[in-house]
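Let's walk through this structure together, one region at a time. Keep the viewer open as you read.

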Amino acid sequence: MKDQAEGGFGRFSKEDAELLQKEVLHRGFVALERHRARHRLFAGGWGEAEREIVLQKQSATVLPYDPWQDKVVLIEQFRLPALLAGFPPWQIEVVAGLIDQEGETAAEVAQRETREEAGLEITALEPVASLLSSPGLSSEIINHFIGRTEAGSGEGLYGLAQEQEDIRAQSLPFEPAWAWLEAGRITNAPAWICLTWLKLQRERLREEWR
């Protein structure tokens with residue numbers, strides 16, 4: 001009955017797979033490893049998979065939102081991978097950062113990065129989802145949040161020079177930000193996820209946060 005109700009999804013778990021071999025190919029800002037595993041097959045029996053996997057630390061993203069002014073804060077910065085992919089190299093994004101300190105939580109990273117990248121203080125956080133960024137390629141988990149803040153008006157320049165950051169933060173009403181998304185000006189998944197979630201939950205958050 002479970003398989004029929006859920007379309008047959010979810011019948012296997014971690015116990016139905018086994019890691020067999022690991023080879024370290026690179027260690028740097030990210031790590032690259034080759035792994036081989038065996039796993040159960042839908043038709044029965046066992047099969048094997050071998051892949052190069054990008055290992056990345058967990059990260060946190062946060063879309064700062066001002067429920068009093070109904071404004072969001074977006075940032076813009078140069079992204080070399082976007083240039084290589086043929087996308088706009090200056091990406092319109094949400095605040096983001098790696099969980100790279102011992103014992104630090106995703107929520108703490110969201111608050112710290114909002115100060116560094118937008119000059120704002122987060123006074124409440126609403127979890128959106130913890131998602132794999134690219135499950136066929138990377139082990140990265142991104143923890144998405146909406147953060148309550150007082151957005152102010154205008155824009156400012158932020159970022160850490162030692163991390164080669166050059167960031168412009170801008171506050172704007174939600175509706176124009178959503179129009180940017182619909183017009184194709186926003187071309188990265190974290191910003192899409194956070195803005196879409198906020199569009200669905202915005203009235204509730206305004207009621208709870210104001």
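**A guided walk**

Begin with glycine 8, which sits in the loop between H1 and E1; helices (H or I, at least four residues) and strands (E, at least two) are DSSP runs numbered from the N terminus. The model is predicted, so local features need pLDDT of at least 70 and side-chain atom pairs count only at pLDDT 80 or more, while totals for chains, interfaces and linings use all residues. Residues are numbered from 1 along each chain as its sequence is written, and side-chain values use heavy atoms, with hydrogens and water left out.

Glycine 8 has a relative accessible area of 12% and is therefore buried; buried means under 20% relative accessible area, exposed over 50%, and partly exposed in between, with a 1.4 Å probe and protein chains only. From glycine 8 to phenylalanine 42 there are 34 residues in sequence, and the two lie 9.8 Å apart in space, C-alpha to C-alpha.

Phenylalanine 42 brings us to the aromatic rings. The structure holds 3 aromatic pairs, where rings of Phe, Tyr and Trp (its six-membered ring) pair if their centres lie within 6.5 Å, and planes under 30 degrees apart count as stacked, over 60 as edge-to-face and the rest as tilted. One of the pairs joins phenylalanine 12 and phenylalanine 42, and it is stacked, at 5.5 Å centre to centre with 20 degrees between the planes. This pair links distant parts of the chain, 30 residues apart: phenylalanine 12 is in the loop between helix H1 (2–5) and strand E1 (17–27), and phenylalanine 42 is in the loop between strand E2 (31–40) and strand E3 (46–55). How accessible are the two partners, phenylalanine 12 and phenylalanine 42? Phenylalanine 12 is partly exposed, with a relative accessible area of 32%, whereas phenylalanine 42 reaches 70% and counts as exposed.

Now step back to the whole protein. Its secondary structure comes to 5 helices and 11 strands, and its C-alpha atoms fill a box of roughly 60 × 45 × 35 Å along the principal axes. Of its 210 residues, 39% count as buried. Contact means heavy atoms within 4.5 Å; among contacts between residues at least 6 apart in sequence, 53% join residues at least 24 apart.

Aspartate 70 lies in the loop between strand E4 (59–66) and strand E5 (71–78). Its phi is near 55 degrees, a positive value in a residue other than glycine. With 12% relative accessibility, aspartate 70 counts as buried. Serine 134 is in the loop between strand E8 (124–132) and strand E9 (141–148), and is partly exposed, at a relative accessible area of 29%. Serine 134 and valine 62 are 72 residues apart in sequence, with 19 Å between their C-alpha atoms.

Next come the helices. Alanine 107 has its place in helix H3 (residues 106–118) and counts as partly exposed at 26% relative accessibility. Which residues does alanine 107 contact, leaving aside its neighbours within four places in sequence? They are Leu125 and Phe145. The C-alpha atoms of alanine 107 and leucine 125 are separated by 7.4 Å, with the residues 18 apart along the chain.

Finish with helix H4 (residues 174–182) and helix H5 (residues 189–209), whose axes come within 11 Å and cross at roughly 135 degrees. The axes are lines fitted to C-alpha atoms, for helices over the stretch in contact, and angles run from 0 to 180 degrees between N-to-C directions. H4 and H5 are therefore oblique to each other, since angles under 35 degrees count as roughly parallel, over 145 as roughly antiparallel, 65 to 115 as roughly perpendicular and the rest as oblique. Phe174, Glu175, Ala177, Trp178 and Leu181 in H4 meet Trp192, Leu195, Thr196, Leu198, Lys199 and Arg202 in H5.
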